[in-house]
Amino acid sequence: MDGLLPQLDVVRKDFPILERTLAGNRPLVYLDSANTSQKPQCVIDAMVDHLEHHNANVARAMHQLGAESSEAFEAARDTVAEFLGAPSRDEVVFTKNASEALNLLANTMAWAGEHQVGEGDEVVVTEMEHHSNIVPWQLLTQRTGATLRWFGLTDDGRLDTSDIDALITERTKVVSLTWVSNMLGTVNPIADIARRAHEVGAVVVVDAAQAAPQMPIDLAAMPVEERPDALVLTGHKTVGPTGIGVLWGSRALLEALPPFLGGGEMIETVRMEGSTYAGLPHKFEAGTPPIVEAVGLGAALRYLSDLGMDAVAAHERAITAYALEGLSTVPGVRVMGPGVGEERGGAISFELAGVHPHDVAQVLDSRGVAVRAGHHCARPAHARFGVQSTTRMSSYLYTTPAEIDAFVEALEAARTYFGVSA
Amino acid sequence: MTAGGTGQDLDALYQEIILDHYKNPLHAGLREPYEAEVHHVNPTCGDEVTLRVHVAPGEDGDVVSDVSYDAVGCSISQASTSVMSDLLIGKPVAEALAVHEEFLALMQGKGAVEPDEDVLEDGVAFAGVAKFPARIKCALLGWMAWKDAVSTAGTSSTQTNGGTA
């Protein structure tokens, strides 16, 4: 099969969990990577090594370990900046996850400042967002008297941009959208939308939680009018650990926003009467940060860069195409979102006629195949397609064609089990 | 029913009784009269049930005269709501609450609780669900909705056809 990662069997050996067998001695077929990815040994080792040999607080410990820990933490920031092609490393803020990064933006925009959202202003999102890119903006607009608007979706699961000029207007303060849908797999035209949003002076936020794991990102290479003002990702979907996310924001945006959480290390001088704040990125990193998680994320992104994000993207395309073909052979399968031969990400959500997604996932699990069932934190997108829930398979750089075959066979078994075959 | 050594696990979960109720749910549909209507969801998967209860005075106190529902969900949640309504309709409220307790104990028993068939009848088929932590919420969706509805009905038993949202 063209496009697969070279030496896929060797790559798989980097991920110890892929060796494990489940109850009944079944091999694991992990197809839930859009939920969280598995971790290569180098990430696990980097975190253990840090805890065993370099553990200390960062930026406030005046001893050798403190210096080593600070260096490792800041080196991880450099790696993130490089991975994203960020114009400056100081624009990389560590957060708990992508949700916190989005909440940081949506909260600080409620407060006094150049980007304050108020009555009469509008925030634009899309109907295909993860709940984490809907709810923070609902909270912001409800708190400030602003209005939340959204792009609808076409029947084939793409963003309906036909009304873009009516939707993004002089009243628009923020446009926040996902690059790649976690449910439909759709890849959104963020450059076109950013260009339009910038014409009206709106801040553009891109949720790259699903994009960062599976496609190359080069912020500095984007024309400035097409470059988002902020982009968020989470570490655990990019073969890194949980507990660490990233907010990249342009220097202009991050400098204009007020601090989010107050506390240690985000300050310059504290007096009882008032305080001044640290420069970027520390202004947004109050308290002891997730140090070992940042070290793990650095190792993860170096691992992805060593494989090459172009190669990872090609692998994902090849496996996704093969999965879509396999799904098309199963009677009663209805895939939501772009189909065979179309540009899309690796998450494939589908219905199987006559079998509820929970029951599909249960039968698959009994055969070692791990998928997700439910609304995948994208209930509005499910409602748009008239479904309450779907089954979602999501491959990644370690997925093999044989695993897709096992998945398709397991779907046939689910049909048989629930008596919907023939 | 499936190939390989995996069918047994699945069969422990999907008892024939469950699959029968799933395919032919009893007492489905929303009916009048009713004193309380509730809407419960399982936020992790989106399963939903709208459930009504009709409570009427009986010889020995209030009786669950009807349980009607409109539900969207998996085989476990659908079958469980069906079994529950069939089990509770016609029972005095106090006895129905005791059955509810028994079912709850079974679900939370991690597979170690021996179900009492005299109390739970078809409900014993759900004993296997307790060994699948991800599915316990499915089995309890309808039961929790009923408990909520019956307590709501109890506090407003002077009203009929309240049609609460």
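**Exercise 1. In which strand of chain A does A:Ser349 lie? Find it, then decide whether the residue is buried or exposed.**

Solution. Please keep in mind that this is a predicted model.

- Step 1: Locate the residue. A:Ser349 belongs to strand β14 of chain A.
- Step 2: Count its surroundings. Within 10 Å of A:Ser349 there are 32 other C-beta atoms.
- Step 3: Apply the cut-off. A residue is buried if 20 or more other C-beta atoms lie within 10 Å of its own, so A:Ser349 is buried.
- Step 4: List the neighbours. Leaving out residues up to four places away in sequence, A:Ser349 touches A:Met183, A:Leu184, A:Met336, A:Gly337, A:His376, A:Thr390 and A:Arg392.
- Step 5: Look along the chain. A:Leu4 is 345 residues apart from A:Ser349, and 22 Å separate their C-alpha atoms.

**Exercise 2. Describe how chain A is divided into domains, and work out what domain 1 brings to the contact with domain 2.**

Solution. Begin with the bounds and then move to the contact.

- Step 1: Domain 1 of chain A is made of 8–40 + 308–417, while domain 2 covers 45–305.
- Step 2: Taken over C-alpha atoms, the centres of these two domains are 28 Å apart.
- Step 3: Domain 1 gives 28 residues to the contact and domain 2 gives 29 residues.
- Step 4: On the domain 1 side, the elements with two or more residues are α11 (309–328), β14 (347–352) and α13 (379–384) of chain A.
- Step 5: The largest share of that side comes from α11(A), with five residues.
- Step 6: Sorted by class, the domain 1 side holds 14 nonpolar, seven polar and seven charged residues.

**Exercise 3. Characterise two helix pairs of chain A: α4 with α5, and α12 with α14.**

Solution. Two packed helices are described by the angle between their axes and the distance between the axes. Let's take the pairs in turn.

- Step 1: For α4 (residues 98–108) and α5 (residues 135–144) of chain A, the axes come within 9 Å and cross at roughly 10°.
- Step 2: Angles under 35 degrees count as roughly parallel, and therefore α4(A) and α5(A) are roughly parallel to each other. The crossing of α4(A) past α5(A) is right-handed.
- Step 3: From α4(A), A:Leu102, A:Asn103 and A:Ala106 meet A:Pro136, A:Trp137, A:Leu139 and A:Leu140 of α5(A). This contact has six nonpolar residues, one polar and no charged.
- Step 4: In the second pair, α12 (residues 357–366) and α14 (residues 401–417) of chain A pack at about 120°, their axes 9 Å apart. That angle makes α12(A) oblique to α14(A).
- Step 5: α12(A) also passes α14(A) in a right-handed crossing. The contact joins A:Val360, A:Val363 and A:Leu364 of α12(A) to A:Ala410, A:Ala413, A:Ala414 and A:Tyr417 of α14(A).
- Step 6: Sorting those residues gives seven nonpolar, no polar and no charged.

**Exercise 4. Summarise the make-up of chain B, then describe its side of the contact with chain A.**

Solution. Work from the chain to the interface.

- Step 1: Chain B has six helices and three strands, in the order α-α-β-β-β-α-α-α-α from the N terminus.
- Step 2: Of the 165 residues in chain B, 42% are buried.
- Step 3: Take contacts in chain B between residues at least 6 apart in sequence: 64% of them join residues at least 24 apart.
- Step 4: The contact between the chains takes 17 residues from chain B and 17 residues from chain A.
- Step 5: Helix α1 (residues 7–13) of chain B gives the most to the chain B side, with three residues.
- Step 6: By class, the chain B side has eight nonpolar, seven polar and two charged residues.

Definitions and conventions. Residues are numbered from 1 along each chain as its sequence is written. Chains are lettered from A and ligands numbered from 1 in the order in which they are written. This is a predicted model: local features need pLDDT of at least 70, side-chain atom pairs count only at pLDDT 80 or more; totals for chains, interfaces and linings use all residues. Domain bounds come from an automatic or database domain assignment. Two residues are in contact if their C-beta atoms, placed from the backbone, lie within 7 Å. Helices (H or I, at least four residues) and strands (E, at least two) are DSSP runs, numbered from the N terminus. Ala, Val, Leu, Ile, Met, Phe, Trp, Tyr, Cys and Pro count as nonpolar, Asp, Glu, Lys and Arg as charged, and the others, Gly among them, as polar. Axes are lines fitted to C-alpha atoms, for helices over the stretch in contact, and angles run from 0 to 180 degrees between N-to-C directions. Angles under 35 degrees count as roughly parallel, over 145 as roughly antiparallel, 65 to 115 as roughly perpendicular and the rest as oblique. A crossing is left-handed if the near helix is turned anticlockwise from the far one by less than a right angle, and right-handed if clockwise. A residue is buried if 20 or more other C-beta atoms lie within 10 Å of its own, exposed if 12 or fewer, and partly exposed in between; C-beta atoms are placed from the backbone.
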